[in-house]
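The following note sets out numbered remarks on the model displayed below. Each point takes up one part of the architecture.

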Amino acid sequence: MKRDDWKDNEYIDQLVEELNASGANVVVGTLDKLINWGRANSLWPLCFGTSCCAIEFMHLGAARHDMARFGFEVTRNSPRQADLLMVNGTITYRMAPVLMRLYEQMAEPKYVIATGSCNISGGPFIGSHCVVQGLDKLLPVDVWIPGCPPRPEAMYYGMMQLQRKIMTQKYFGGVNRQEKLKDFLAEHPEEAEGLK
Amino acid sequence: MNLQEKIASLCPSATFEEGEYLLVNVADKEWHSLAESLKKELGFDYLVSVTGVDWNESLGCMYYLTNTETNEKVSVKVATTDRENPMLHSVSDLWKVALIQEREVYDFFGIVFIGHPDMRRLFMRTDWVGYPLRKDYDANPELNPIRLDAEENEDDSFVVTEDENGKLTKTDYKIFSENDYVVNFGPQHPSTHGVMRLRSAVDGETITKVVPVCGYIHRGIEKLCEGKTYPQTLFFTDRMDYMSSCQNRHCLCLCIEKALGLEVPRRAQIIRVMFDELMRIGSHILAYGCMAMDMGATTAFVYGFREREQLMDIFEKTTGGRMSQHYHVIGGVAADVHPDFIKDVREFCAILPSKVKEYHTLVTGNVIFKNRTIGVGVIGKEDVISYGTSGPNGRASGWSCDVRKRAPYAIYNELNFDEVIYNEGDSFARYMVRMDEVMQSVKLLEQLCDMLEKEEGNEYIAPKVPKIIKLPAGHWFQEVEASRGAFGVYIESDGGKNPYRMHFNSPGLNHVAAVDKCCAGYKIADLITISASLDYVIPDIDR
C-alpha cells in the first residue's frame with residue numbers, strides 16, 4: 001500500500017470542528033474538550049486475552065512498539081481499574097458469562113474494542129456449536145479491529161480510533177451512554193415526548 | 001515371535017488388521033486385561049492418544065500405544081454397540097494420561113468409562129445438552145443457547161465401578177470435600193497463561209489437590225473439521241497452538257500426504273523444517289519471557305520479544321503473516337521463500353547465541369529465580385511417561401521423547417542435532433531444556449541454510465495436487481514434535497472429500513493433566529511458577 005492511498009478517518013474531527021464553529025457554549029465546550037482530552041489519552045485497558053490476538057497484544061507492549069506514547073501502557077488486570085475492555089480472541093459459550101461479569105464490574109465510562117475476526121463474526125469458527133458468533137451478541141462494541149490476528153499497527157489504529165470517538169463524545173455520545181438513554185426513555189415515555 | 005503372535009497368545013479372541021500400525025480389535029470385556037499385559041509384558045508404557053469415534057453402528061475408542069524402549073507402535077480399537085448407555089472399561093489406572101483423555105471422550109461422545117475416578121465433562125458446560133461429536137447430535141441452537149448464568153454443580157462427579165460378578169454401581173461424589181479450602185485461579189487471571197482455570201485445595205499454604213477446568217476456549221475445531229474439505233481443515237491448525245502453528249500444520253499435511261501417497265519435493269521439505277525450527281525458537285523465547293514475567297521480571301519479557309520481533313519479520317517477508325502463516329500446504333509449501341530468506345535466517349542465527357547468553361545473564365543466575373524453580377514441581381521419569389507429558393517437559397525429567405529422533409519425519413534423519421535431556425524434572429530443568437533447545441534449533445537452521453543453498457538451482461514448483469482432495473477409506477495417525485511436545489493427528493476417512501473424524505492429539509492437554517502431580521505438596525505461590533514452566537497454550541488444550 002502506498003502512503004497516499006492511506007485514508008485516515010479524519011472526518012470525525014472535521015465534523016466536530018464544524019459543530020464547534022456553529023456556536024457551542026464556550027465554557028462548557030472547553031471543559032468538555034479538556035475532560036475528553038484527558039480521558040482519551042489515559043485509556044487503561046483490561047487485557048482480556050483468550051487466544052492468538054493476545055500474543056499480538058503482547059507485542060504492542062514489548063520491544064518494538066511503545067504503548068506509552070498513546071497512554072495505553074497501564075494494562076490492568078482488575079476490571080475495576082480499567083476503562084477499556086480489549087477483547088483479544090475468541091469468546092466461547094463457556095467464557096461468555098465470565099466476560100459479561102467483567103464488563104459489568106467495570107466503572108463508567110467504559111469502552112469495548114473487539115479484536116480479530118472471531119469477535120466480528122466468529123471468523124474461522126463460524127458455524128461452531130460453542131463459539132459466540134460476533135461479540136455484538138453480548139456487548140455494545142465501540143471499535144472493531146479486523147485481522148486474524150491483526151498486526152500491532154492495526155491494533156494501534158483501532159485504539160486511536162477509539163480515542164477519536166472519545167474526543168467527540170459530547171456530540172455523539174458513547175455507545176454505552178446511548179444504551180442507557182434508550183433504557184431511560186423506555187422507562188420514562190413522557191421524557192421521550194419532550195425530546196420530540 | 002512377532003507382535004501379532006504375542007498379542008494373539010495373550011488374548012485369543014482379538015482380531016487383527018494390517019495397516020500403518022498393527023490394529024488390534026478387542027471386545028470391551030477383555031480390553032482391560034489385554035491393556036494390562038500390553039503394558040507390563042510387552043512394555044507399551046506410553047499411551048499416545050485416546051480418540052473417540054462414532055462409527056454409526058458402534059461407538060468406541062482408538063488407542064495408540066508406544067513402547068518407549070523400542071519405539072514399537074500398536075493401535076487398539078474398542079467399541080460398543082449400545083448407543084443409549086455406552087460404556088467401556090477405563091485404562092486410567094494403567095496410563096495416567098487416560099484420566100484426562102477419557103474425560104474428553106466422555107464429553108464428546110457420552111461414553112462412560114468403568115473404573116474412571118472422575119467422570120465430569122471436560123470442555124463443554126456442565127449443563128450442555130447432548131454430545132457434540134456424535135453423528136446424531138442435535139445442533140439446534142435452542143437446546144444450547146448462550147447461557148449467561150454461572151455454571152452450577154461443577155463439583156459433581158461420579159464413578160462407575162464393577163465388582164467380580166460384573167455388576168455395575170454408580171456412585172456420585174463431590175471432587176472437593178466440605179473441609180477443603182478451595183482457591184480459584186482464573187479463567188481471567190494475568191498469570192494463568194491464558195484462560196486456564198485452576199482450582200486448588202490448600203492446607204494452610206500447601207497445595208493438596210489441583211483441579212484444572214478446561215474449555216474456556218473450546219472452539220469445537222474437531223466438529224468443524226467434519227464439515228470442511230481437507231485443504232480447509234488446515235486453517236484450524238494455525239489457531240490451535242499458535243506458538244507452533246507451522247509444526248501443527250506440518251503434521252496435518254504429513255498425515256494427508258501419507259494417506260494420498262504423495263511425494264513432497266525436497267526443496268519444500270527443507271523449507272518446511274526451517275519454518276518449524278524458526279517457530280520453535282519463537283515459542284521458546286516467548287516461554288522464557290512469560291515465565292520471567294510471571295515471577296515479576298518484566299525486563300526479561302521485553303528482551304525476549306526483541307528477538308521475537310526479528311523472527312516475525314522473517315516470517316512476514318516470506319509468508320505475509322506474522323502469527324498465522326498458512327504456509328505449509330498439502331504437497332509442499334504455498335510459494336517459494338523470499339529472496340532474502342537465507343540471508344535473514346543466517347543473520348538471525350549469528351546474533352541469537354549472544355542473545356541467549358544475555359537471557360542467561362538476566363534471569364538464569366538470579367537468586368530469586370533459582371530459589372523459586374530449583375527443586376520445585378518435581379515430576380519423575382515414570383510419571384511423565386504415564387502422563388504422556390512429552391516435549392521439553394518430558395525431556396526435563398529424563399525421558400527421551402523427541403519425535404524428531406524417535407520417529408524422524410521430513411528430513412530430520414539427515415540433520416545433526418542433539419536431544420536436550422535433563423534429569424532433575426523440576427521447573428528449572430524444564431526452563432533449561434527450552435533454552436538449550438533454542439541453541440539446537442540454531443544449529444539445525446545453519447545446516448538447513450546450507451542445504452537450501454545447494455538446492456538453489458532448481459526452482460520451486462508449486463505442488464500439483466487435485467483441486468478436490470479425496471482420501472481413500474481408512475485411518476491414519478501422524479506425530480510431529482511441536483514446540484510443546486508430540487502433536488498428533490488422527491484422520492478417519494470414508495472416501496469422501498470431508499474427513500469422517502479428525503482428532504488432534506495436543507501436547508498441552510497432557511501437561512494440564514500433570515499439573516496436579518507436579519503441584520501437590522508445594523506452596524500455593526509455586527502454582528504460578530510450575531504452570532509457567534510447563535508452558536501450555538490454552539487453545540491447544542481446548543481446541
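1. In chain B of this predicted model, three strands make up an open antiparallel sheet, ordered E10-E11-E12.

2. One residue pair can be located directly: Tyr181(B) has Val202(B) in E11(B) as its bridge partner. Helix H15 (residues 507-519) of chain B packs on the sheet, where it touches E11 and E12 of chain B. The direction of H15(B) makes about 175° with that of E12(B).

3. Strand E15 (residues 474-482) of chain B runs antiparallel to E16(B), and nine bridges join the two. E15(B) and E16(B) form a hairpin, with two residues between them. In this pairing, Gly474(B) is found opposite Ser493(B) of E16(B). E16(B) is also joined to strand E17 (residues 501-505) of chain B, by five bridges and again in antiparallel fashion. Here Gly488(B) has Asn505(B) in E17(B) as its bridge partner.

4. Is strand E16 (residues 485-493) of chain B enclosed or left open by the rest of the structure? Nine of its nine residues are buried, so E16(B) is largely enclosed.

5. Turning to chain A, the secondary structure amounts to nine helices and four strands. Read from the N terminus, the elements follow the order α-α-β-α-β-α-β-α-β-α-α-α-α. Of the 196 residues in chain A, 39% are buried. When contacts in chain A between residues at least 6 apart in sequence are considered, 78% of them join residues at least 24 apart.

6. The four strands of the chain A sheet pair in parallel and are ordered E1-E2-E3-E4, and the sheet is open. E1 and strand E4 (143-145) of chain A are its edge strands, each pairing on one side only. From one strand to the next, the twist averages 15°. Three bridges link strand E3 (residues 111-115) of chain A to E4(A) in the parallel sense, and Ala114(A) has Trp144(A) of E4(A) as its bridge partner. Helix H6 (residues 152-167) of chain A packs on this sheet, touching E3 and E4 of chain A, and its direction makes about 170° with that of E4(A).

7. Where do the buried residues of H4(A) lie around its axis? The residues concerned are Ala96(A), Val98(A) and Leu99(A). They span an arc of only 165° around the axis, which means that they lie on the same side of H4(A). E1 of chain A is included in what covers the buried residues of H4(A).

8. At the interface, 34 residues of chain A contact 36 residues of chain B. On the chain A side, strand E1 (45-49), helix H3 (52-60) and helix H4 (96-105) are the elements that give two or more residues. H4(A) supplies the largest share, five residues. By residue class, the chain A side divides into 19 nonpolar, ten polar and five charged residues.

9. Is Ser51(A) buried or exposed? Ser51(A) has 26 C-beta neighbours inside 10 Å; the criterion for a buried residue is 20 or more, so Ser51(A) counts as buried. Leaving aside residues up to four places away in sequence, Ser51(A) touches Gly89(A) and Thr90(A), together with Ile217(B), Tyr242(B) and Pro539(B). The C-alpha atoms of Ser51(A) and Ala68(A) are separated by 24 Å, the two residues being 17 residues apart along the chain.

10. A final remark concerns confidence. The model has an ipTM of 0.84 and a pTM of 0.86. For chain B, the mean pLDDT is 86, with 98% of its residues reaching 70 or more. Where pLDDT is low, predicted coordinates should not be read in detail.

How values were computed: Residues are numbered from 1 along each chain as its sequence is written. Chains are lettered from A and ligands numbered from 1 in the order in which they are written. This is a predicted model: local features need pLDDT of at least 70, side-chain atom pairs count only at pLDDT 80 or more; totals for chains, interfaces and linings use all residues. Two residues are in contact if their C-beta atoms, placed from the backbone, lie within 7 Å. Ala, Val, Leu, Ile, Met, Phe, Trp, Tyr, Cys and Pro count as nonpolar, Asp, Glu, Lys and Arg as charged, and the others, Gly among them, as polar. pLDDT is the predictor's confidence in each residue, from 0 to 100. A residue is buried if 20 or more other C-beta atoms lie within 10 Å of its own, exposed if 12 or fewer, and partly exposed in between; C-beta atoms are placed from the backbone. Two strands pair if DSSP finds at least two bridges between them. Axes are lines fitted to C-alpha atoms, for helices over the stretch in contact, and angles run from 0 to 180 degrees between N-to-C directions. The arc is that of the directions from the helix axis to the C-beta atoms.
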